[in-house]
Amino acid sequence: MLLEVNQATKLYKRGTEEFKAVDNASLSLNPGEYAVINGQSGSGKSTLLAIIAGLLNLDSGQASFDGTDIGTLGDKKLSALRNEKIGFIPQGQCLLSNFTIIDNVALPGLLAKRKNSRERAKALLDRLGIARLANQYPARLSGGEIRRAAIARGLINEPKLVVADEPTSDLDPANSLNIFELFNEIALSGAAVLVVTHESQKPNGCHKRYLMNDGVLLLES
Amino acid sequence: MKRFSLLSISVSNITCRAFRSGTLAGIVFILSFVLVCGSLFSACLRNGISSIDARLGADLLLVPSGYEQSAQGALLRGEPSSFYFEPKTVQLLLALPDVSEITPQLFIASFDSPHCSAQVQMIGYDPETDFLLSPWLNNEVPGGPGADEVIVGSKINGDVGDKLTFFARQYTVAGKLAETGMGFDTSAFVNMDMAQVALGEYIQLGGKDAPEGDGAASCIAINANPGTNLRDYSKNLRIAYSQHRVAVIETQTMLADLSSNLDTLLGIVSVLAVFLWILASTVLALIFAMSLNERRREFGIYRALGVTKSKLAAMMLTESALLSAPGAFLGLALSSVLYFMAEPLISVSMNLPYLRPNVQDIALILAGGFLVSLVTGPLAALFSAARIGKVSTAAIIKEGA
Ligand SMILES: Nc1ncnc2c1ncn2[C@@H]1O[C@H](COP(=O)(O)OP(=O)(O)OP(=O)(O)O)[C@@H](O)[C@H]1O
Ligand SMILES: [Mg+2]
């Protein structure tokens, strides 16, 4: 098992009142497995992804990656894990506006001190059909182009797990289809893929679908 | 970007926010400018006082009553003045009991006329009995100036060997003194015999208020016997010689007055400097806090890509240091240039002794002002830097959070 979340609960405070943004959620993914999470806005999907990426601490339960309980790791090890093994594609516009597209995509590679990061970034942009935009700044790009660049950045270090938060929210159906097709390819190449989406249809190649409702996660049979 | 480095990212962050960067650098610039100027100014004043302290080695100065202010003005600021004891009063005073050292001095203000090459205070002293000037003048000219010789203060035009005219007589410059920050800088020193001759010529050329005959003096400096109570001694002196119109200046009291004036002034300067520092730090801290708020999302993205909290904090501190450095440097450069350009003006308009410290002290002041300004930026950013980790995580979950 690559990713295993076990009865995870995350409490948030709203005013003085505490509530469970993630309520006793369990989830597992094998390498090469492709899963999606559906759920209403505010149901806790992004919070769950942040837990998986080691950005948030759990109040109870545990999450482990490759057999390691990520709750036991310090910031340095967690950051390295996030950088090298998890391709995290946050919700919304998530490129750094003062860097060009190619620099944005290469950044995690440079951070990991991997060689040829720029060459690999170039190849990824090529594969995603936006190589001609390599030297543009994000402000000049359309929503779909930004999204593809963010996905390219998530893939630069050849992660074992790709996590994407609503990667198609601002895209037209054709572009959305394209992107889900890309995730399918990534899964086929051996990485686990977890995508939060509002698309009601199960994408092509997807192995399992979770439903999230008020913090509670259900696996659709 | 070839490598991911704190420096390259920080530089990019700075250049893409020109206005904010300019404001931050500007604040540090003002801070550095004021700190450096203020410290230089203070150091020069302090140095002036200690120079006087070192050179006014007499317990008491006797001057004709009514001329106490003129005497101080002549000593401290070189304001040319002429005032005299009659020769018979001088004889009387030189025979005072209970003194270990006693010596007369004669001040003659030169004219603004073709008979004098410069407007200076001529000071005649008696190398035989002198204990005030000799230790210091003898460094320049052992044994003191001879006939038709003069030792000049640092601000008088003329070098060793040059000829200068005072009261229609030519003197050879036998020595030139180092700067003192006192009236001595614009004084010309001759021996007492020459001074008596000069006084005669002064009277012939129309100089006023001077007594006829040999042996006049302007001031008599006294070191009392060790263990003497100076208060009582000067009080008795005043009473005993009241009909001879003798005023007594206690130099320690004069210096203490001067120091307390100076302390008040420097106190104000320090309070202003500290106030400015606090103000600048607060404004900088606010700007960094605002900037942190505005950049939460950006920092959140770095976190999502695997940048550690401490690296992000270091990034913010690096940015603040990179912004402070040019500001602090510009402030340092401009204040030094302005200061040294305006120094003659300042030293003249100040009513306090004023002397530039030596090069090492100046270098120390410049380095200190620069460093304080330089670290103020990162110091102000510290609080915001410590909060990056906390603030950025929430921002990555939701766009626009
Ligand atoms: N830092 C926080 N403090 C308190 N409450 C929070 C915090 N972050 C999120 N929440 C709340 O937790 C709940 C879950 O938020 P989350 O962003 O995970 O939802 P989501 O399912 O991703 O929604 P969306 O589909 O709109 O992105 C929401 O009700 C949100 O208001
Ligand atoms: Mg969300």
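Me: Where is Leu379(B) in this thing?
Reply: Leu379(B) sits in helix H11 of chain B. Keep in mind that this is a predicted model.

Me: And is Leu379(B) buried, partly exposed or exposed?
Reply: Leu379(B) counts as partly exposed, because its relative accessibility is 48%.

Me: OK, new topic. How much area do chain B and chain A bury between them?
Reply: About 2,400 Å², with 64% of that on carbon and sulfur atoms. As background, interface size is often given as the accessible area lost when the parts come together.

Me: How many residues does each chain bring to the contact?
Reply: Chain A brings 29 residues and chain B brings 24 residues.

Me: How many salt bridges go across that interface?
Reply: The rule finds one salt bridge between chain B and chain A. Its partners are Asp75(A) and Arg303(B), whose side chains meet at 3.0 Å, N to O.

Me: How many salt bridges are there over all chains?
Reply: A search of the whole structure turns up 17 salt bridges. One of them pairs Lys160(A) with Asp66(A), at 2.8 Å from N to O. Lys160(A) is in the loop between helix H5 (143–155) and S7 of chain A, and Asp66(A) is in the loop between strand S4 (60–65) and strand S5 (68–69), so this pair ties together parts that are 94 residues apart in sequence.

Me: What does Glu220(A) form a salt bridge with?
Reply: With Arg209(A), and their closest N and O atoms are 3.1 Å apart. Glu220(A) lies in the segment after strand S10 (216–219) of chain A while Arg209(A) is in strand S9 (residues 208–213), so the bridge ties together parts eleven residues apart in sequence. Glu220(A) counts as partly exposed at 32% relative accessibility, whereas Arg209(A) counts as buried at 12%.

Me: What about chain B, which residue pairs with Arg169(B)?
Reply: That would be Asp148(B), with 3.2 Å between the closest N and O atoms. Arg169(B) is in strand S6 (residues 169–176) of chain B and Asp148(B) is in the loop between H5 and strand S4 (149–152), so to speak linking distant parts of the chain, 21 residues apart. Besides that pair, Arg17(B), Arg20(B), Arg295(B), Glu298(B) and Glu319(B) are joined into one network by salt bridges that share partners.

Me: What about the backbone, what is the phi of Glu166(A)?
Reply: Glu166(A) has a positive phi of about 45°, although it is not a glycine. Glu166(A) is found in the loop between strand S7 (161–165) and helix H6 (173–188) of chain A, and it counts as buried at 10% relative accessibility.

Me: And the phi of Asp98(B)?
Reply: Positive again, about 60°, and Asp98(B) is not a glycine either. Asp98(B) lies in the loop between helix H4 (87–94) and strand S2 (99–109) of chain B. At 47% relative accessibility, Asp98(B) counts as partly exposed.

Me: Last one: which residues is Pro127(B) in contact with, leaving aside neighbours within four places in sequence?
Reply: Ser134(B), Gly143(B) and Asn191(B). Pro127(B) and Asn191(B) are 64 residues apart in sequence, with 6.7 Å between their C-alpha atoms. Pro127(B) itself is in the loop between strand S3 (121–125) and helix H5 (134–140) of chain B.

Definitions and conventions
Residues numbered from 1 in each chain as written. Chains lettered and ligands numbered in written order. Predicted model: local features only at pLDDT ≥ 70, side-chain atom pairs only at ≥ 80, totals over all residues. Heavy atoms only, no water. Helix = DSSP H or I, 4+ residues; strand = E, 2+ residues; numbered from the N terminus. Buried < 20%, exposed > 50% of the residue type's maximum accessible area, 1.4 Å probe, protein only. Contact = heavy atoms within 4.5 Å. Buried area = accessible area lost by both parts, 1.4 Å probe. Salt bridge = Lys/Arg side-chain N within 4 Å of Asp/Glu carboxyl O.
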